[in-house]
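Please look over the sequence and the 3D structure shown below. Keep both in view while reading the report.

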Amino acid sequence: MIYSTEVQHMCPVGKGAYHGPAPIPEEGKWVQVKEIKDVSGFTHGIGWCAPQQGCCKLTLNVKEGIIEEALVETLGCSGMTHSAAMASEILIGKTLLEALNTDLVCDAINTAMRELFLQIVYGRSQSAFSEDGLAVGASLEDLGKGLRSQVGTMFATKAKGPRYLEMAEGYVTRCALDSDNLIIGYEFINLGKMMDFIKKGDDANVALEKAKGSYGRFAGAAKYIDPRHE
């Protein structure tokens, strides 16, 4: 280590007591984090690319500094889905610090990793006060039984108003309007359930009908429109 001339000629002064870093909450414990292996937690991070064309929600389950579980969800960019596939292979088994300094292929995923790192090392994880944290596999609960990301897609113009295209419940097939042409409900297809019905042997049309549902005052509407074609 090289010291400047000014420092070399300084007289030494003691720095007094040292109590270590402030403890942070981790999986139901208060932990003084001094090394990467001291970090545990389950949490999420949101990232975006430079042109802000797409975004990523990254969920990690970290145990003693090692990433044991990763859920990568992306939106708005077709190339990002392929980047997510690669990131899912890259992330698992790495330490938090390795993952922070690894090219995760896509800017949005890299940014999500940065934001998630900040959450977890400052003790802001979802499992901060959960004893022993969350089991590996917990991120799948965010997806529900159909194991599909919860996505909302709406389109609107000043001239023609809003169109609901996708809700958390699924793919929107019809919007229900009242006598004033205001949306009062919608019909949807839960695509995860539909695919499960088909895999069990149901005819596609039967599966489609079984996976349909509705929300709001759909049954009593004055008019129904296909949001993609009307």
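## Basis of the report

The model is a predicted one, in which local features need pLDDT of at least 70 and side-chain atom pairs count only at pLDDT 80 or more, while totals for chains, interfaces and linings use all residues. Residues are numbered from 1 along each chain as its sequence is written, and side-chain values use heavy atoms, with hydrogens and water left out.

Helices (H or I, at least four residues) and strands (E, at least two) are DSSP runs, numbered from the N terminus.

## Helix H4

Helix H4 covers residues 107-121, which is 15 residues. From its first C-alpha to its last, H4 reaches 21 Å, close to the 21 Å expected at 1.5 Å a residue. The expected span is 1.5 Å times one less than the number of residues in the helix. Just after H4 comes Gly123, with a positive phi of about 75 degrees.

Several residues of H4 are buried: Ala108, Ile109, Thr111, Ala112, Met113, Leu116, Phe117 and Ile120. Here buried means under 20% relative accessible area, exposed over 50%, and partly exposed in between (1.4 Å probe, protein chains only). The buried residues of H4 pack against strands S1 (24-26), S3 (41-48), S4 (55-63) and S5 (66-75), and also against helices H2 (78-91) and H3 (96-100).

## How H2 meets H4

Two packed helices are described by the angle between their axes and the distance between the axes. The axes of H2 and H4 come within 9 Å and cross at roughly 45 degrees. Axes are lines fitted to C-alpha atoms, for helices over the stretch in contact, and angles run from 0 to 180 degrees between N-to-C directions.

On the H2 side, the contact (heavy atoms within 4.5 Å) is made by Met80, Ser83, Ala84, Ala87 and Leu91. On the H4 side, Ala108, Ile109 and Met113 take part. The residues of this contact of H2 with H4 divide into 7 nonpolar, 1 polar and no charged. Ala, Val, Leu, Ile, Met, Phe, Trp, Tyr, Cys and Pro count as nonpolar, Asp, Glu, Lys and Arg as charged, and the others, Gly among them, as polar.

## The sheet S3-S4-S5

S3, S4 and S5 form an open sheet of 3 strands in the order S3-S4-S5, with antiparallel pairing. Two strands pair if DSSP finds at least two bridges between them. S3 and S5 are the edge strands, since each pairs on one side only. Neighbouring strands of this sheet are turned by 15 degrees against each other on average, direction ignored.

S3 and S4 pair over 8 bridges in the antiparallel sense, and Trp48 stands opposite Cys55 in S4. H2 packs on the sheet, where H2 touches S4 and S5, and its direction makes about 175 degrees with that of S5. H4 also packs on the sheet, touching S3, S4 and S5, and its direction makes about 140 degrees with that of S3.

Strand S6 (residues 153-157) and strand S7 (residues 161-167) run antiparallel and are joined by 5 bridges. The two form a hairpin with 3 residues between them. Ala156 stands opposite Pro162 in S7, and the bridge partner of Thr153 in S7 is Glu166.

S7 is also joined to strand S8 (residues 170-177) by 2 bridges, and these strands run antiparallel. S7 and S8 form a hairpin with 2 residues between them. In S8, the bridge partner of Glu166 is Tyr171. Because 5 of the 7 residues of S7 are buried, S7 is largely enclosed by the rest of the structure.

## Single residues

Most residues other than glycine have a negative phi, and most peptide bonds are trans. Glu27 is not a glycine, yet has a positive phi of about 50 degrees. Glu27 lies in the loop between S1 and strand S2 (29-31), and counts as buried at 11% relative accessibility. Asp132, also not a glycine, has a positive phi of about 65 degrees. Asp132 is found in the loop between H4 and S6 and counts as exposed at 55% relative accessibility.

Lys223 is in strand S11 (residues 223-225). At 39% relative accessibility, Lys223 counts as partly exposed. Not counting residues up to four places away in sequence, Lys223 touches Cys175, Ala176, Leu177 and Asn181. Lys223 and Asn181 are 42 residues apart along the chain, and their C-alpha atoms are separated by 7.8 Å.
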